[in-house]
Amino acid sequence: MNNIETIKSFIQEGTKSKLLVNQVNDEIGFFYVGIIEKEAIIKNIKLNFKDNFIKENAGNLFEVEEIDLYFSNSKKIIEQYLESDRKCIIFTDYKNFKLYSSSLLTINGYDHSKDIKYYLREILDIKNNEIINFCLNNPYLTFSEVSKYLINSSGYIKENDVITSNNFILEIRKELFNLKKNQKDPLKIYTNLKTEVKYKKFNFLTY
């Protein structure tokens, strides 16, 4: 089973309660978060973004299925997550990935190229090599590019001015990511999303 199918199976089934992801870096990590968000929407599962361990009860009053997304490179904190009753996906570094890979269900971000190809070609049935190559080089933009392509596949033109160090969409995405992790004001999250949508809409209109 490849990484994409492992994520789908983990979210859809209740046989496993912990999944460890070696995200490699933020840009690759965003791709896997995107996959998780898409699958959670399909299954109507609530995702909780967290970066600190808080002991909580496994159940909830409304019986809403939830999965916690944790982000930590601390072995001590990861151990707390693993000992909890919560169903969770833990994003961490390669050192911790190697430490737990023999005992946990894992996703290795170093396989992201194979995963992007599989997701686009096999799951979305996209055969356009231009968008596939673009996503391979810019994993964090996979879902925004796919959305643009699906809207107008015949007239698709890839984003030509991506500079990772100061790319505006990447900075917006990082800010949104941190807002979710830190459980900030929903209004701030909404405002951030609107900014990204406006920026992408403007870019789309300039093609």
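Mentor: In this predicted model, strand β1 (residues 18-22) and strand β4 (residues 88-92) run parallel and are joined by 5 bridges. In general, strands of a sheet pair through backbone hydrogen bonds, either parallel or antiparallel.

The pair belongs to an open sheet of 5 strands with parallel pairing, in the order β2-β3-β4-β1-β5. At the edges stand β2 (46-50) and β5 (105-108); each has a single partner strand, so one side of each is left without a neighbour in the sheet. On average, neighbouring strands of the sheet are turned by 20° against each other, direction ignored.

A helix also packs on this sheet: α3 (residues 75-83) touches β1, β4 and β3 (66-71). The direction of α3 makes about 165° with that of β4.

Next, the nonpolar residues. The largest nonpolar core has 38 residues, and the members touching the most others are Leu69, Ile89 and Phe91. Helix α2 (residues 26-42) gives this core its largest share, 8 residues. Apart from this core lies another, of 7 residues, including Leu20, Ile78, Cys88 and Tyr100.

Leaving aside residues up to four places away in sequence, Leu69 touches Ile36, Leu47, Asn48, Phe49, Lys50, Ile89 and Phe91. In soluble globular proteins, nonpolar side chains tend to be buried together.

Conventions. Residues are numbered from 1 along each chain as its sequence is written. This is a predicted model: local features need pLDDT of at least 70, side-chain atom pairs count only at pLDDT 80 or more; totals for chains, interfaces and linings use all residues. Side-chain values use heavy atoms; hydrogens and water are left out. A nonpolar core is a set of buried Ala, Val, Leu, Ile, Met, Phe, Trp, Tyr and Cys residues joined through side-chain atoms within 4.5 Å. Buried means under 20% relative accessible area, exposed over 50%, partly exposed in between (1.4 Å probe, protein chains only). Helices (H or I, at least four residues) and strands (E, at least two) are DSSP runs, numbered from the N terminus. Contact means heavy atoms within 4.5 Å. Two strands pair if DSSP finds at least two bridges between them. Axes are lines fitted to C-alpha atoms, for helices over the stretch in contact, and angles run from 0 to 180 degrees between N-to-C directions.
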